[in-house]
Amino acid sequence: MSAPPELPDVVSRAFAVSRRSGYVSFCRNETGRLLAALAATRTGTMAEFGTGCGVGTAWLRSGVRDSETRIVTAELDARLAGAAAEIFVDDPQVEVLSADWSTLLDKGPFSLLFLDSGEPTEVGVDAVADLVEDGGIVVLDDFTPCEMWPPVTGGRVDVLREQWLTDDRFTAVEVMVASDAATLLATKR
């Protein structure tokens, strides 16, 4: 990877909070750098569904260039949401909610939406398409790279990936961020 080994301060703080909380499930640095680069192109409101301890949100925040841009993020686990809120306590551009992601439905439309590749019914294209503004970007992470069509993971067709890559409302692509990790980027038409 051609990126500086140093991490932005806000990301370093997020990793420290994650370690103290014993939370080890967070977005990879490769995905984080992609989030920061995409966030640098956005204004308006960005969101993350499933904050964890705030590493993904920190990467988004590290890329924000406009002082009016906001990031809202929701985490169902109150303990994790509280830990993430520590990172952004003095940052008026970031709001961490201890709530289900559905509480963000009235805070959009979003210029960038970062989703964990969780259950297809929760992060499927039909569930979130109307939450993204025209020209907005959806980022889904935690995919294993796949070179075949239809995409197969664990011996089964990866329905979530297939939905995003074929939906007419989006122009989408799978991007390898590491030899063992891929991210989907979908721009709303």
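The model is a predicted one, in which local features need pLDDT of at least 70, side-chain atom pairs count only at pLDDT 80 or more, and totals for chains, interfaces and linings use all residues. Residues are numbered from 1 along each chain as its sequence is written, and side-chain values use heavy atoms, with hydrogens and water left out.

**First stop: α2 and α3**

Please select residues 29-39, helix α2, together with residues 55-63, helix α3. Helices here are DSSP runs of H or I with at least four residues, strands are E runs of at least two, and both are numbered from the N terminus. Two packed helices are described by the angle between their axes and the distance between the axes. For α2 and α3 the angle is about 40 degrees and the axes lie 7 Å apart; axes are lines fitted to C-alpha atoms over the stretch in contact, and angles run from 0 to 180 degrees between N-to-C directions. The two helices are therefore oblique to each other. (Angles under 35 degrees count as roughly parallel, over 145 as roughly antiparallel, 65 to 115 as roughly perpendicular, and the rest as oblique.)

Next, display the side of α2 that makes the contact (heavy atoms within 4.5 Å): Asn29, Gly32, Arg33, Leu35, Ala36 and Ala39. Their partners in α3 are Gly56, Trp59, Leu60, Ser62 and Gly63.

Among the buried residues are Thr31, Leu34 and Leu38. The elements covering them include α3, β1 (45-49), β4 (110-116) and β5 (132-143).

**Second stop: α1 and α4**

Select α1, residues 9-21, and α4, residues 78-87. Their axes come within 9 Å and cross at roughly 150 degrees, and the helices are therefore roughly antiparallel to each other. On α1, show Val10, Arg13, Ala14, Val17, Arg20 and Ser21; these meet Arg79, Ala83, Ala84, Glu86 and Ile87 in α4.

Finally, move to the loop between α4 and β3 (94-98) and select aspartate 91. Is this residue buried or exposed? Aspartate 91 counts as buried because its relative accessibility is 17%. Its side chain reaches the backbone nitrogen of glutamine 93 at 2.9 Å.

Note on methods: Buried < 20%, exposed > 50% of the residue type's maximum accessible area, 1.4 Å probe, protein only. Polar contact = N/O pair within 3.5 Å; in protein donor to acceptor, adjacent residues only side chain to side chain.
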